[in-house]
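Colleague: I would like to learn how to read nonpolar cores and aromatic pairs in a model. Please take me through an example.

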Amino acid sequence: QLQLVQSGGGLVQPGGPLRLSCAASGFANDFHTIAWFRQAPGKEREGISCISLVDGKTYYKDPMNGRFTISRDNAKNTVYLQMNNLKPEDTAVYHCAATNHAHVKFVFSLCVDQTEYKSWGQGAQVTVSE
């Protein structure tokens, strides 16, 4: 069974950086894409970005003016979300998730659709505040 273990959340001041990590273990090779989602207070969960574990291609639902960058380290089975110039509106619980749905590989924009995911990390609170 795939396990996704997140780390890296916390409190950061506006304008500061934060990097989230998502380490996969257990049948990780069965999954081809990992995505990041977030859920702000009182809002629905939204997709942020995803990355192919096969060829490294990435997709961003919202460019976020280049503030967020997704990356991978296949040797460590870990995906990262580097967040720069954080704003108070970035405050949310951030989740990573993995999918093995074949059609996502061919219609990669589906990778930020949460219905494509059954394996989720435990979540990490990110709070952007003075």
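Predicted model: local features only at pLDDT ≥ 70, side-chain atom pairs only at ≥ 80, totals over all residues.

Colleague: Which residues touch the most other members of the largest nonpolar core?

Modeller: In soluble globular proteins, nonpolar side chains tend to be buried together. Here the largest core has 27 residues, and L4, I34, W36, F68, L81, M83 and Y94 touch the most other members. Elements that give two or more residues to this core include β3 (18-25), β4 (33-39) and β9 (92-99). A second, separate core has nine residues, among them A35, C50, V104 and V112.

Colleague: What is Y94 in contact with, leaving aside its neighbours within four places in sequence?

Modeller: Its contacts include Q6, L20, F37, R38, F68, L81, M83 and V126.

Colleague: How many aromatic pairs are there?

Modeller: The count is three. F37 and Y117 are edge-to-face, at 5.3 Å centre to centre with 75° between the planes. F37 lies in strand β4 and Y117 in the loop between α1 (102-106) and β10 (119-120), so this pair ties together parts 80 residues apart in sequence. F37 also pairs with W120; that pair is tilted, with 5.0 Å between centres and 50° between planes. W120 is in strand β10, 83 residues from F37. F37, Y117 and W120 form one aromatic cluster.

Colleague: Is W120 buried, partly exposed or exposed, and which charged end sits over its ring?

Modeller: W120 has a relative accessible area of 24%, so it counts as partly exposed, whereas F37 is buried at 0%. The charged end of R45 sits over the W120 ring, 4.1 Å from its centre. Elsewhere, K57 lies over the face of F108, 4.6 Å from the ring centre.

How values were computed. Residues numbered from 1 in each chain as written. Heavy atoms only, no water. Core = buried A, V, L, I, M, F, W, Y, C linked by side-chain atoms within 4.5 Å. Buried < 20%, exposed > 50% of the residue type's maximum accessible area, 1.4 Å probe, protein only. Helix = DSSP H or I, 4+ residues; strand = E, 2+ residues; numbered from the N terminus. Contact = heavy atoms within 4.5 Å. Phe/Tyr/Trp six-rings, centres within 6.5 Å; stacked < 30°, edge-to-face > 60°. Lys NZ or Arg CZ within 6 Å of the ring centre and 35° of its normal.
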